[in-house]
Structures are given as C-alpha cells and as structure tokens.
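Look at the model below and follow the path of the chain. A short briefing comes after it.

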Amino acid sequence: MSPAPFRRAERLAGIEISEIVQLSERAAELRRAGQDVVALTTGEPDFPTPPHVVAAAHAAAEAGQTRYPPTAGTPELRAAIARQAGAEAAEVLVSTGAKQVLANAMLATLDPGDEVLIPAPFWTSYGDIVALAGGRPVRLPCPAADGFKLRPEALAAAITPRTRWLMLNSPSNPTGAVYGPGELAALAAVLADHPQVWVLSDEIYSHLAYVPAPSLRDAAPGLAERTLVVDGVSKAFAMTGWRLGWGIGPRALIGAMAAVQGQVTSGACSISQAAALAALTGPQELLADRRAAFRARRDRVCAALAAIPGISCVPPDGAFYAFPDVTGLILGGGFADDAALCRWLLDEVGLALVPGRAFGMPGHVRLSFAYAEREIDDALDRLATAAARLAARPFQ
Ligand code: PMP
C-alpha cells in the first residue's frame, strides 16, 4: 500500500512560518546569489552578549551545571527575577524565551472558543499562539492617530463573556508605542468591571524605552491577581540565541504554566539560566549605554523618514522599530498593498522591510533599527531612491 498523504492537524490551519522569517530568508538567499541587499527585517540587537555573561555560562558548564534543571527555573534565577520585580520566587516561571512563556500561558488557560483581545498592530506570534492553543484571537485596531495605543472605550466595547485575556505590549513591537501610567490606569479601570479578563503584559522591551515605561504591575496594582508580566534577556542583554525568558504572575497561573512546560520542554537550558543570572545581577550600566545608542538610531531613522515624500511616521518611544505609514508610496506606485510594495523594494533597490499586514495593520512597513548605523543609512538611502523613482513614474 502506498503511504497516505501527510495530513496537518486542524489546529495548524492558517499557521505558517512567520512572514518576518520568510523575508529575512529571502533576503539572505538573494545575498548568497551575489545581489546587493540590505535587510532591516529582524528584531535582534546587533550588540554581542556581554562578556561577563558568556564567562558565567562557561563557568556553569565547567562546574557541572549540565543536568536537568528544576522545571520552573533554578532557585537562584527565580529569586533574582522576583527581587527585581518585587514578587515572590513562587510567582516566577523561567522558560525557553518569552515566546514559550506566552505559549505556556495560553495552553494553560484557554478552552476552545475563548477570546483573547490583541491590540493591532501586534507582534506577529500573538495571534498564532492563541490559535494553536485553541483560542480565538480578536484584533482591536489601534490607528496611528491614537499613537497605536488601545483606548479604554475600544477595550470596553470588545469585551464579551468569552474574553479570557487582554494582551498588552509596551514598548511595542512593531510601533515602539509606550503606555504611560495614566493610560494603563484607564485600561485597568475598564477591566475592574470584568473580573474574568486577565492581562498579559509583554514588557520584553522595557529596558529599551526612551520615555518612562511603567510595568503594569506598578501602574495597576489592583490587577495583580490577574496579571502576567512577560520579560526576558533576549533584547535587553542581546541574548536572543540563549532562549531565556520568564513570566511573573499569580501562583495558580504559574503552577498551571509549569505543568504545561514540564510536559513540553522541562526546565529552560541550565547554562542559559546561569548566564541570565549573571546578566541580572551583574553591571547594569550597559543597559543605559545601549538605550542611548538605540535612541540615537531612532532619531536618525525618524529624521530620514520625515524627509521622504509619501511616508509619515509616529516616532517610536521605545524598542527598536519604526512603523511608518507608506500609503503614499503604495498609491503613488499603483501597488495592490504593502506586501506588493515590499516585494518591489526588494527587487528594485535591494531593500527588505516587513509589510504592516504581518502585524495586523496594512499600509505600513516595519523597519528595525537593531542594525549598524551604516546599514541603517544605506537602507534609508535606498528607500529615498525608491520613493523618488515612484514619484517620477507617470500616473497610473
Ligand atoms: N515579545 C515580543 C514583543 C517580541 O518582539 C519578541 C521577540 N521578537 C518576543 C516576545 C520573544 O522573545 P524571546 O526571544 O524571549 O522568545
């Protein structure tokens, strides 16, 4: 008998490799084929992991920290995270990246049809993680005119008896929007009337904010019993490859998430946990240095974008992304949408950017400035050249 064709589980319907990964790979492919391509597609600091962190990992490996770690994390790392957040160690779960924290939380809490409110633009994985866990992602559009932030009225209007979670991400990927204390308090006031709704506050870019970026734990203490803060070392300490993040929340939730993780991956890599401990307890000045470097890049990017006709950009207050509106270029060039514009930019001037539709907001592109300045300048020159070519085209 011939083998039956491969069949995907229904839960994978509509879930594909992320558009960001696809684009980065396409850019790398073109480069390998000898083409001159610059890509501002990935959200990964170009800095190296600090040497003292790498040294701590070596020392851990040599000291024999090479066995299964406790499922929820090493006591030392959980205690250090808890200390920083003003929480108890039992309220901390260490995972294989912030991404696994999100997956644990959704798998541990969602039943089929449960709704998760996701303000758009959003980080691409949120909706797919919710769908994989059997939930229903509900997009809440937050236009540039609102600074890409969720308004309390929009939140109130979207809540139903099936709503289990609201996902917040401040500073935001892809917009760099940062919620101030008053804005968080206003959202918390809406949630006060809906005790079944929990909040997942993804604060992985909190060390990369150019304005004060309060944690939801501080801005809305009244929500503490239903708040999960997500954080990690990937962005702040340039440790994306170490795969180490954590969640801070009520014990019952942390216990349920640990039960999921215990069956899927067990405790996060012991060497990475030792490295993260060194990052959290070692010198912190480098965070301010890096923030200053990203801020300078942010200013450079905003100034260059402002000089390109057909583009407008809300300046990001945090993270390392700009999310300009490019409808002027899309309409001027007669493109079907932002994805078509991005394909043309890659072919015409060798520039890879991610279309806004990947983040739930078409008409925009995401440009990461976690790259060396010469690459950023080169990319912005190419964008300006492309815009000038479009402007010179006959009307179509
Ligand atoms: N949340 C957001 C908003 C992100 O941008 C990312 C990484 N792109 C993550 C979570 C995942 O981070 P980690 O590397 O810790 O899995």
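**A strand and its neighbours**

E5, helix H7 (residues 181-191) and E6 form a right-handed β-α-β unit; right-handed means that, with the strands pointing away from the viewer, the path from the first strand over the helix to the second runs clockwise. Helices (H or I, at least four residues) and strands (E, at least two) are DSSP runs, numbered from the N terminus. This is a predicted model, in which local features need pLDDT of at least 70, side-chain atom pairs count only at pLDDT 80 or more, and totals for chains, interfaces and linings use all residues. Residues are numbered from 1 along each chain as its sequence is written.

**Strand E5**

- Seven of the seven residues of strand E5 (residues 163-169) are buried, so the strand is largely enclosed by the rest of the structure. A buried residue has 20 or more other C-beta atoms within 10 Å of its own, with C-beta atoms placed from the backbone.
- E5 pairs with strand E6 (residues 198-202) in the parallel sense over five bridges; two strands pair if DSSP finds at least two bridges between them.
- Met167 has Leu200 in E6 as its bridge partner.
- Strand E3 (residues 115-120) also pairs with E5 in the parallel sense, over three bridges.
- Leu117 has Leu166 in E5 as its bridge partner.

**Whole chain**

- The protein chain has 14 helices and 12 strands.
- Buried residues make up 48% of its 396 residues.
- The C-alpha trace of the protein chain spans about 65 × 65 × 50 Å along its principal axes.

Definitions and conventions. Buried ≥ 20, exposed ≤ 12 C-beta atoms within 10 Å, placed from the backbone.
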